[in-house]
Amino acid sequence: MDLFLQLLANGLVNGTFYALSALGLTLVFGLMRVVNFAHGEFYVIGGLAGWALTNAVGLHFFLALPIVILGMGVFGLLIDRFLIERVRDQGPETGILLTIGLSIFIVNTALLVVGTAPLKVVSPFLNRPIFIGPVVVTQARLFTVALCAVLILAVHLLVQRTTLGRAMRATFQDATAARLVGIRTRHVYGLTFALGSALAGTAGMLLGSIYVAQATIGGIVSLKAFVVVILGGMGSFAGAIVGGLVLGLVEAIWGGYGPSGYVDAVGFALVIVMLLVRPYGLFSKQVERA
Amino acid sequence: MAPVLELKGVEAAYGKAKALHGIDLRVEPGEVVALLGANGAGKTTTFRVISGLMRPSAGEVRFDGASIAGCSADAVLRAGLAHCPEERHVWPEMTVEENLRLGAYLVSQRIEIERRMERIYLRFPRLKERRRQSAGTLSGGEQQMLAIGRALMSAPRLLLLDEPSLGLSPRMAKEVLAVIRELQGQGITVLLVEQNVHNALSVASRAYVFETGRVVAENTSQALLDSPDLLKAYLGG
């Protein structure tokens, strides 16, 4: 029983981290419908930048974090303006090819600059264990879970409650209509992609302090983020949270009781089942266009 | 009187395919003017050029005397010209209320937005009843009313209405015509594209007949109604 509770706790913590890693993709893929295969590489850049600033430069974690967020936002804006904009409205394939190319470019540039070694973001939070009944969680993980929750809530409120959020939803549901009410859709695309990149980078830096930042982990981060977004339903933030938690829990319990070599495959099996049973995901309500 | 809208020699193309070959037209303040013609004659493209969705490759577009050719869609809307597009284009996953509010996206005063919302709800009580429903769940007629309501939220002086009765029941089409007459009563100038010639001519005072990207005839509605042969010749019956 104690083992089960511990696995449950691990699963929830990892699940929150998955939700955070997928948050940027929820915007970019779920709402904006850009199949961004470079999502994991944006995460990697965030992690490596976090490592460089906290370790090599020696900045405090909380000074480095806003720099990474802002830097990744600007990076995303430039990528959208100079690359994504060229393939907008040309079907998903061109975007897929473009972002695959971009991911290869980023991975190899990262390998050239920092090499293959795993690097650790220096964080002020200790790996001191905290005991909650029979369950052990480190202080750093608890703190990161809290930060994830705040970020997810903030993005949800941004999309649902603010003028920018309404302009985003309008643009992605019907861009012509959005332009006709005076929304500058070009800015909306750019800002959404910037926000998605900033969130991916933030996840990379936060989780780079728990796990490691490494040039080559982007691929698996991308794939799991896609799993989370598809499980939860395109563009749904509640869905991204639940999708992340489900993936974290299933992996933890499978890892605890089943053959551990298959842990990474479990998520993909889940997606296949989900696409067969509920193709729109757990939380997406599909409305027909009349 | 100075025209509220004037097009001179407007040309436009999709890639290399030329869609408009020099359109000239004038709309006087307070008029309802119809654009008639078969599919692909260039009526919708003309609307897209006027409202800034598309840049003309040549020619002049003047709204209240000021050139708006090549202006962005938000600048044209700000000037007081709204475009209610073909096929309605409501946001299906947003509520009726969100759709309407976004129509006043360029308006910053809350009180003004509320006042306009009230006016729209007073005119279209069905929309008020359904304000919390997603727009995608409305019937075709209700979606059309929503699209018109959304365009009116910007308080335009000139409204472009593209195929407002397309796919609607005859009863709903009549309702749309009644709305157009009311708009005219409020001093809003309307430029209308309509497949149903008789409906169009029953509200418009004048009409332009389009054929393959050109204006081939311009006359009063009465004159067009009196010469069915002329209409038939241009519109294929």
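1. Four helices of chain A, namely helix H1 (2-31), helix H9 (218-232), helix H10 (237-257) and helix H11 (263-277), each contribute at least two residues to the lining of the second largest pocket. The greatest share comes from H1(A), which gives five residues to that lining. The model is a predicted one, and the remarks that follow should be read with that in mind.

2. The volume of the second largest pocket is about 410 Å³, and 19 residues line this pocket. Those that lie nearest its centre are A:Tyr18, A:Tyr43, A:Tyr211, A:Val221 and A:Lys224. Sorted by class, the lining consists of 13 nonpolar, three polar and three charged residues.

3. As to the chain that supplies these helices, chain A contains 11 helices and two strands, and along the sequence their order is α-α-α-α-β-β-α-α-α-α-α-α-α. Chain A is as compact as a globular protein of its length, because its radius of gyration of 19 Å is close to the 19 Å that the globule rule gives for 290 residues. Along the principal axes, the C-alpha atoms of chain A fill a box of roughly 60 × 50 × 35 Å.

4. Of the contacts in chain A with a separation of 6 or more, 75% are between residues 24 or more positions apart. The accessible surface of chain A comes to about 13000 Å², and carbon and sulfur atoms account for 70% of that area.

5. Chain B has 10 helices and 10 strands. The radius of gyration of chain B is 17 Å, which agrees with the value near 18 Å that a compact globule of 237 residues would have. The box filled by the C-alpha atoms of chain B, again taken along the principal axes, is roughly 45 × 35 × 35 Å.

6. In chain B, 53% of the 237 residues count as buried, and residues 24 or more positions apart account for 69% of the contacts with a separation of 6 or more. Chain B exposes about 10300 Å², with carbon and sulfur atoms supplying 50% of this surface, whereas for chain A the corresponding share is 70%.

How values were computed:
Residues numbered from 1 in each chain as written. Chains lettered and ligands numbered in written order. Predicted model: local features only at pLDDT ≥ 70, side-chain atom pairs only at ≥ 80, totals over all residues. Heavy atoms only, no water. 1 Å grid on protein atoms, 1.4 Å probe; cavity = no way out; pocket = protein on both sides within 12 Å on 5 of 7 lines; lining within 4 Å. Points joined across faces, edges and corners; volume = space filled by probe spheres on them. Nonpolar A, V, L, I, M, F, W, Y, C, P; charged D, E, K, R; others polar. Rg over C-alpha atoms; globule rule 2.2 N^0.38 Å. Contact = heavy atoms within 4.5 Å. Areas by Shrake-Rupley, 256 points an atom, 1.4 Å probe, with all protein chains shown as cover. Buried < 20%, exposed > 50% of the residue type's maximum accessible area, 1.4 Å probe, protein only.
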